[in-house]
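Try each task before you read its solution.

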Amino acid sequence: QVQLVESGGGLVQPGGSLRLSCAASGSIFSINAMGWYRQAPGKQRELVARITTGGFTNYADSVKGRFTISRDNAKNTVYLQMNRLKPEDTAVYYCNANIKERSSLWFREYWGQGTQVTVSS
């Protein structure tokens with residue numbers, strides 16, 4: 001009933017920028033925190049950045065000062081602006097959101113399908 005659809009991944013040179021978007025749709029009653037995780041080959045999925053409904057943010061140390069997370073609550077959309085990209089940022093990036101469906105009593109976690117980000121010259 002609820003879907004998260006990511007866009008904006010691709011191939012970029014070191015030092016370049018990309019902007020990821022993730023839109024939540026479906027039978028949504030309310031959304032709490034939204035965020036981005038990533039998973040590189042052979043590694044565990046890790047938190048990149050997270051943002052609350054009120055706009056409070058937290059970031060992985062490895063991306064602080066380079067990445068910025070934001071959200072548009074009216075559009076149920078979260079963004080990740082990635083600047084000064086490094087080869088070690090290469091990974092599949094997943095959108096995550098804590099959502100309560102209209103038919104549910106509870107909030108639960110939802111995940112997008114993932115979008116590939118490759119940083120290479």
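**Exercise 1: a ring pair**

Y37 is buried, at 19% relative accessible area (buried is under 20%, exposed over 50%, partly exposed in between, with a 1.4 Å probe and protein chains only). This is a predicted model, where local features need pLDDT of at least 70, side-chain atom pairs count only at pLDDT 80 or more, and totals for chains, interfaces and linings use all residues. Residues are numbered from 1 along each chain as its sequence is written, and side-chain values use heavy atoms, leaving out hydrogens and water.

Task: classify the pairing of Y37 with W111.

Solution: 
- Start with the cut-offs: Phe, Tyr and Trp rings (six-membered ring for Trp) pair with centres within 6.5 Å; planes under 30 degrees apart are stacked, over 60 edge-to-face, the rest tilted.
- The centres of Y37 and W111 are 5.0 Å apart and the planes make 65 degrees, so we call it edge-to-face.
- Y37 belongs to strand β4 and W111 to strand β10, 74 residues apart.
- W111 itself is partly exposed, at 38%.

**Exercise 2: a charge over rings**

Task: find which ring faces R45 lies over.

Solution: 
- The test wants NZ of Lys or CZ of Arg within 6 Å of the ring centre and within 35 degrees of the ring normal.
- R45 lies over Y94, 3.8 Å from the ring centre.
- R45 also lies over the face of W111, at 4.7 Å.

Notes:
Helix = DSSP H or I, 4+ residues; strand = E, 2+ residues; numbered from the N terminus.
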